[in-house]
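Dear colleague,

Please find below the structure for your review. A summary of the findings follows it.

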Amino acid sequence: QASLPGNTPPDIAEAATSMVVAQRVRDAVRSLPPEQRDAVELAYFGGKTYVEVARVLGIPGGTARSRLRLALKRLAAALGPEGINQWN
């Protein structure tokens with residue numbers, strides 16, 4: 001099958017690296033305490049603001065912000081040694 005002009009074949013090494021990174025992020029999120037994991041899943045994977053996270057979880061906004069901040073610190077600590085720094 002011929003490539004279309006302007007389309008480049010996917011870089012297999014890059015795709016493999018992306019899959020490994022995605023798995024490490026999933027593992028790190030799963031390792032969070034449940035209340036932090038729920039907040040992260042709603043905010044970062046569900047696209048919700050901290051106000052929406054608070055409403056969904058039935059907690060004050062300050063508590064939602066605090067859970068997200070603590071979760072991001074844990075994720076940064078877990079993923080930083082791997083060179084995955086977008087959580088900082």
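**Findings**

From the N terminus onwards, the elements of the protein run α-α-α-α. Please note that this is a predicted model. The protein has 4 helices and 0 strands.

Of the 88 residues in the protein, 25% are buried. The accessible surface comes to about 6100 Å², and carbon and sulfur atoms account for 55% of that surface. Where contacts in the protein join residues at least 6 apart in sequence, 49% of them link residues at least 24 apart.

A search of the whole structure finds 1 salt bridge. The partners are Arg-30 and Asp-27, whose side chains meet at 2.8 Å, N to O.

Helix 2 spans residues 34-45, and Gln-36 lies in it. Is Gln-36 buried or exposed? Its relative accessibility is 6%, so Gln-36 counts as buried; the cut-off for that term is under 20% relative accessible area. Not counting residues up to four places away in sequence, Gln-36 touches Arg-67, Leu-70, Ala-71 and Arg-74.

Glu-41 is also found in helix 2. With a relative accessible area of 36%, Glu-41 is partly exposed. When its neighbours within four places in sequence are left aside, Glu-41 is in contact with Val-29 and Gly-46. Glu-41 and Val-53 are 12 residues apart in sequence, and their C-alpha atoms are 9.4 Å apart in space.

**The packing of helices 3 and 4**

Two packed helices are described by the angle between their axes and the distance between the axes. Helix 3 (residues 50-57) packs with helix 4 (residues 61-79) at an angle of about 110 degrees, and their axes are 8 Å apart. Helix 3 is therefore roughly perpendicular to helix 4, because angles of 65 to 115 degrees count as such.

Which residues meet where helix 3 packs with helix 4? Helix 3 contributes Tyr-50, Val-53, Ala-54 and Leu-57, while helix 4 contributes Gly-61, Ala-64, Arg-65, Arg-67 and Leu-68. The residues of this contact divide into 6 nonpolar, 1 polar and 2 charged.

With kind regards

Technical notes: Residues are numbered from 1 along each chain as its sequence is written. This is a predicted model: local features need pLDDT of at least 70, side-chain atom pairs count only at pLDDT 80 or more; totals for chains, interfaces and linings use all residues. Side-chain values use heavy atoms; hydrogens and water are left out. Helices (H or I, at least four residues) and strands (E, at least two) are DSSP runs, numbered from the N terminus. Buried means under 20% relative accessible area, exposed over 50%, partly exposed in between (1.4 Å probe, protein chains only). Contact means heavy atoms within 4.5 Å. Accessible areas come from the Shrake-Rupley method with a 1.4 Å probe; for residues, only the protein chains shown count as cover. A salt bridge is a side-chain nitrogen of Lys or Arg within 4 Å of a carboxyl oxygen of Asp or Glu. Axes are lines fitted to C-alpha atoms, for helices over the stretch in contact, and angles run from 0 to 180 degrees between N-to-C directions. Angles under 35 degrees count as roughly parallel, over 145 as roughly antiparallel, 65 to 115 as roughly perpendicular and the rest as oblique. Ala, Val, Leu, Ile, Met, Phe, Trp, Tyr, Cys and Pro count as nonpolar, Asp, Glu, Lys and Arg as charged, and the others, Gly among them, as polar.
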